[in-house]
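Subject: Structure for you, with notes

Hi there,

Here is the structure I promised to pass on. My notes on what turned up follow below it.

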Amino acid sequence: MMVESSSAASSPEFPGRAFTFGNLHLDPDDTLARGDEIIHLPPKELAALKLLLAHAGQILTHQQLKNALWVGVHVTDDSVSKCMSSLRELLAPDDCIQTVYKRGYRLFAEVHKSVANDDEERPRLVIMPFSAETNVEPYLGSSIAEETIALLTGDPLLPVRVLARDSAFSLAARGMHAQQVGEALRADLVLTGTLRSLPLHFRLRAEMIRVADGTQIWVEDMLVPQSRVAGLESELAHRLFVRLGSCDPFQSKPQSPASGSEQNPERREAYRLFLRGHHEWQTLQRHRMQDGIQHLSRAIEHDPSLYAAHVDLANASVIQILCGFTAPAQASEQVRLAAEAIPPYAEGAEAILPPMGWMRFHVDHDLAGAVRAFSASAHLPHETSITRLRTMFALSRHRFSEAITMLNDALQSDPYSPWLNARLAWAFHLAGESARSVAQAEHALDLFPDHESSNIYGAIILAFNGKTDNAIAVSENLVRRLPYFDPAAGVYGYTLAQGGRLDEARAILERLQWLSRERFVLSSLTATICVALGDTDGALAELQTAADSRCPWFFQALADPRLAPLQGHPQFARMRGILEQMENADDMKSAGDL
């Protein structure tokens with residue numbers, strides 16, 4: 001099939017933009033100035049600068065720069081380094097280009113962009129979960145789509161803007177077809193596909209749809225041996241480059257975590273286990289999460305260099321703590337082992353920093369180390385696991401405005417993410433903004449009536465604000481669906497107590513307290529049941545247990561309006577002092593660094 005340029009194509013240099021960075025300003029007509037001084041750049045240095053500016057904060061590899069600057073031309077290996085050295089000299093004394101060891105280059109100055117014409121922005125692309133026919137393992141279609149999203153989102157030279165996974169997948173789960181999803185997300189293009197298993201091959205039929213009129217722009221059929229399914233998303237990403245752009249800056253396929261696995265049975269098996277583990281641990285069901293973690297661990301045994309599996313294992317470990325499935329000390333060790341296994345110069349190494357930072361804060365009480373980790377990964381774009389931990393970190397530090405801003409920013413690109421909508425309601429609740437928290441909680445429940453996050457936060461907020469009948473109904477439905485999920489039980493107990501069903505609430509509290517003798521339980525949740533039952537001493541005891549066990553919800557509980565009756569109690573004040581001491585220690589460390 002003839003490859004044609006799509007109307008969605010755009011230059012990787014993004015013409016039409018003006019940039020201000022440091023003391024320098026680059027106009028849309030390519031005039032570079034420092035104040036009144038005009039700086040003349042040769043064509044290659046100018047093109048390199050525009051690439052770095054368009055992707056400020058992101059690493060551009062030597063190969064990406066080489067392919068983008070010298071399309072189809074053979075040049076020596078040191079051409080990029082010579083070009084960058086020349087560019088640095090011309091920009092001096094402004095020092096804004098960083099060499100990242102064994103990785104490439106990035107522009108680290110604060111960059112302000114303006115766009116001459118909105119039409120010159122990159123088109124918005126939604127990738128739907130691929131449907132899998134009956135003879136294909138259920139997780140495989142959606143996993144390949146998700147890995148394709150991750151691969152393309154992480155590439156700074158892609159000629160389209162790939163929209164976030166959560167919104168596309170949640171809308172698809174509600175039965176919306178491709179064009180409807182595209183319209184809901186205000187996308188220009190939608191990629192959908194079907195995965196079929198043949199006796200010896202997998203066949204992926206991918207089609208690109210123009211949202212405006214539902215026209216099928218093109219169809220690609222990819223037939224690969226079943227032993228090569230691990231590289232299917234790389235092949236798909238490569239074809240997207242060819243289809244959407246006038247040239248492919250890579251001149252070769254983008255590299256997925258499965259790169260090189262086609263000829264290596266161990267790596268093929270590792271990637272298969274990784275895809276399955278990634279799918280399983282996100283279910284929030286205790287046994288399936290444990291199965292997912294086991295799959296990830298086995299993937300690492302088969303291929304220790306599969307760094308995406310290490311990152312996934314770290315994120316899964318954090319979620320297990322948040323759900324009450326694993327004790328913090330045990331999970332923190334898993335996160336540390338994952339971080340130690342990833343070389344700092346490895347592709348995607350920064351993705352381990354958010355779980356590492358979160359663990360340093362909650363388990364180690366090392367705020368300075370946590371701040372360093374989150375700061376070093378601040379350039380990473382919105383992705384479910386990353387934004388979840390960033391906002392949790394801000395909320396735990398009682399920086400509610402910061403968390404609300406982050407959540408609203410993420411919702412701009414991911415408006416139908418269940419947990420983003422629900423977490424925003426929770427942030428309003430912790431900030432003491434009752435009306436906004438109720439409105440946002442009801443909005444999340446309307447959009448996602450059966451999602452765990454909207455049910456948990458929604459039930460808490462509705463019960464606290466007097467809407468106990470609705471809250472009990474929501475939490476009752478959640479407990480019925482997830483009977484072994486401690487947060488569901490804790491929220492149900494709280495809503496029952498708020499609704500005056502005290503004996504039932506006490507029964508749930510006693511069961512959770514009994515379980516805490518055998519395993520880790522989220523004591524921050526049981527503390528709120530105690531307060532609702534009027535047991536202040538019991539609440540303080542549960543909260544102290546949460547502090548001692550490094551419960552992940554402890555610091556947020558200290559700001560929870562539901563625990564307002566504990567305000568003024570000396571023991572509660574001492575617990576609040578833990579966070580104050582950490583903040584003071586971080587301030588002293590920052591002052592010492594200066």
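Let me begin in the sheet, where Gln-98 stands opposite Arg-106 in β7. Before going further, please note that this is a predicted model, in which local features need pLDDT of at least 70 and side-chain atom pairs count only at pLDDT 80 or more, while totals for chains, interfaces and linings use all residues. Residues are numbered from 1 along each chain as its sequence is written, and side-chain values use heavy atoms, with hydrogens and water left out.

**The sheet**

Three strands make an open sheet in the order β5-β7-β6, with antiparallel pairing. Strands here are DSSP runs of E with at least two residues, and helices are runs of H or I with at least four, numbered from the N terminus. Two strands pair if DSSP finds at least two bridges between them. The edge strands, β5 and β6, each pair on one side only.

Strand β5 (residues 60–61) is joined to β7 by two bridges, and Thr-61 stands opposite Gly-104. On the pairing with β6 (residues 97–100), there are four bridges, and Val-100 stands opposite Gly-104. The hairpin of β6 and β7 has three residues between the strands, and Lys-102 takes a positive phi near 60° there.

In a regular strand the side chains alternate between the two faces of the sheet. In β7 (residues 104–107), Gly-104 and Arg-106 point one way and Tyr-105 and Leu-107 the other, and all are buried. Buried means under 20% relative accessible area, with exposed over 50% and partly exposed in between (1.4 Å probe, protein chains only). Helix α3 (residues 79–91) lies across β6 and β7, running at about 150° to β6. That angle is between N-to-C directions and can run from 0 to 180 degrees; axes are lines fitted to C-alpha atoms, for helices over the stretch in contact, and contact means heavy atoms within 4.5 Å.

**The cores**

A nonpolar core is a set of buried Ala, Val, Leu, Ile, Met, Phe, Trp, Tyr and Cys residues joined through side-chain atoms within 4.5 Å. The largest has 154 residues, and among the members that touch the most others are Trp-358, Leu-543 and Phe-554. Helix α10 (residues 307–323) gives this core its largest share, ten residues. A second, separate core of 31 residues includes Leu-53, Ala-68, Met-84 and Ala-109.

Leaving aside neighbours within four places in sequence, the contacts of Leu-543 include Ala-527, Phe-554, Leu-558 and Met-575.

**The rings**

Rings of Phe, Tyr and Trp (its six-membered ring) pair if their centres lie within 6.5 Å; planes under 30 degrees apart count as stacked, over 60 as edge-to-face and the rest as tilted. The count comes to seven aromatic pairs. Phe-361 and Phe-393 are edge-to-face, at 5.3 Å centre to centre and 85° between the planes. Phe-361 lies in helix α12 (residues 353–362) and Phe-393 in helix α14 (residues 384–396), so this pair ties together parts that are 32 residues apart in sequence. Both Phe-361 and Phe-393 are buried.

The rings of Phe-554 and Phe-555 are 5.1 Å apart at their centres with planes at 65°, so they are edge-to-face too. Ring pairs link Phe-361, Phe-374, Phe-393, Phe-554 and Phe-555 into a cluster.

Finally, a charge sits over a ring if NZ of Lys or CZ of Arg is within 6 Å of the ring centre and within 35 degrees of the ring normal. Arg-388 lies over the face of Trp-419, at 5.3 Å from the ring centre, and the charged end of Arg-562 sits over the ring of Tyr-494, 4.7 Å from its centre.

Best wishes
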